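Here is a short briefing for a first look at this structure. Keep the sequence and the 3D view side by side while you read.

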Amino acid sequence: MKRLTATICLTIAVLLGSVGAGYALPYCPSDQNQYYDNCYGTYTSASGARYVGVFKENKKHGQGNYTWPDGAKYVGEWKDGKEDGQGTFTTVTGDKYVGNFWDGRKNGQGTYTFANGRIKEGIWKDGKFQYAQKVTPRP
């Protein structure tokens with residue numbers, strides 16, 4: 001009975017351990033002139049901007065990090081080449097926005113923390129602060 005239990009446990013462990021490997025995306029081609037689709041890779045533009053993350057239909061799509069030539073950075077979700085979903089944008093001066101993005105702009109609940117420590121928390125629409133609101137998560 002002990003041997004059967006050990007065999008079953010080992011089989012389950014192997015199956016669970018291999019689940020993640022089946023869903024991993026392949027690396028994008030090393031040639032940046034090729035089409036990037038359903039892959040994970042790095043793209044550096046001629047201006048020096050750099051994206052590391054998931055591509056779909058030759059666009060940033062899924063999780064990724066983008067660094068502008070001046071050092072500003074976005075880490076978060078992308079859709080059709082634009083910031084879309086949860087993300088964090090950090091400016092070169094140290095200001096930081098953490099919150100929702102839609103179609104490349106701050107949209108929804110978010111917190112903007114200025115480098116001097118001042119905080120603006122609330123609702124954003126089309127990249128502009130609308131009104132202060134602190135949303136308490138459900139228990």
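Two strands pair if DSSP finds at least two bridges between them. β8 and β9 meet that rule, with four bridges in the antiparallel sense. The model is predicted. The points below cover strand pairs, turns, aromatic rings, charges over rings and a surface patch.

**Strand pairs and hairpins**

- β1 and β2 run antiparallel and are joined by six bridges.
- β1 covers residues 39-44, and β2 covers residues 50-56.
- Opposite Cys-39 stands Phe-55 in β2.
- Five residues lie between the strands in the hairpin of β1 and β2. There, Gly-48 takes a positive phi near 100 degrees.
- β8 spans 119-125 and β9 spans 128-132.
- Ile-123 has Tyr-131 in β9 as its bridge partner.
- The hairpin of β8 and β9 has two residues between the strands.

- Most residues other than glycine have a negative phi. Two aspartates here take positive values: Asp-103 and Asp-126.
- Asp-103 has a phi of about 55 degrees. Its place is the loop between β6 (96-102) and β7 (105-113).
- Is Asp-103 buried or partly exposed? Its relative accessibility is 29%, so Asp-103 counts as partly exposed.
- Asp-126 has a phi near 50 degrees. This residue belongs to the hairpin of β8 and β9, in the loop between those strands.

**Aromatic pairs**

- How many aromatic pairs does the count give? The count comes to 14.
- One of the pairs is Tyr-36 with Phe-55, which is edge-to-face. The ring centres are 4.8 Å apart, and the planes make an angle of 85 degrees.
- This pair links distant parts of the chain, 19 residues apart. Tyr-36 lies in the loop between α1 (2-23) and β1, whereas Phe-55 is in β2.
- Tyr-36 and Phe-55 are both buried.
- Tyr-97 and Phe-101 form another pair, with centres 5.1 Å apart. Their planes meet at 90 degrees, so this pair is edge-to-face; the cut-off for that class is over 60 degrees.
- Tyr-97 and Phe-101 are also buried.

**Charges over rings**

- Over the ring of Tyr-97 sits the charged end of Lys-106, 5.7 Å from the ring centre. Tyr-97 thus takes part both in this contact and in the pair with Phe-101.
- Over the ring of Tyr-51 sits the charged end of Lys-60, at 5.8 Å from the ring centre.

**A nonpolar surface patch**

- Which residues form the nonpolar patch on the surface? They are Leu-25, Tyr-27 and Tyr-40.
- Together these residues have about 360 Å² of accessible area.
- Leu-25 is in the loop between α1 and β1. Leu-25 has 38% relative accessibility, so this residue counts as partly exposed.

- Gly-94 lies in the loop between β5 (82-90) and β6.
- Gly-94 counts as partly exposed because its relative accessibility is 38%.
- Gly-94 and Thr-113 are 19 residues apart along the chain. Their C-alpha atoms are separated by 8.7 Å.

Methods: Residues numbered from 1 in each chain as written. Predicted model: local features only at pLDDT ≥ 70, side-chain atom pairs only at ≥ 80, totals over all residues. Heavy atoms only, no water. Phe/Tyr/Trp six-rings, centres within 6.5 Å; stacked < 30°, edge-to-face > 60°. Buried < 20%, exposed > 50% of the residue type's maximum accessible area, 1.4 Å probe, protein only. Lys NZ or Arg CZ within 6 Å of the ring centre and 35° of its normal. Patch = residues over 30% accessible without salt bridge, like charges linked within 9 Å, V, L, I, M, F, W, Y side chains within 5 Å. Areas by Shrake-Rupley, 256 points an atom, 1.4 Å probe, with all protein chains shown as cover. Salt bridge = Lys/Arg side-chain N within 4 Å of Asp/Glu carboxyl O.
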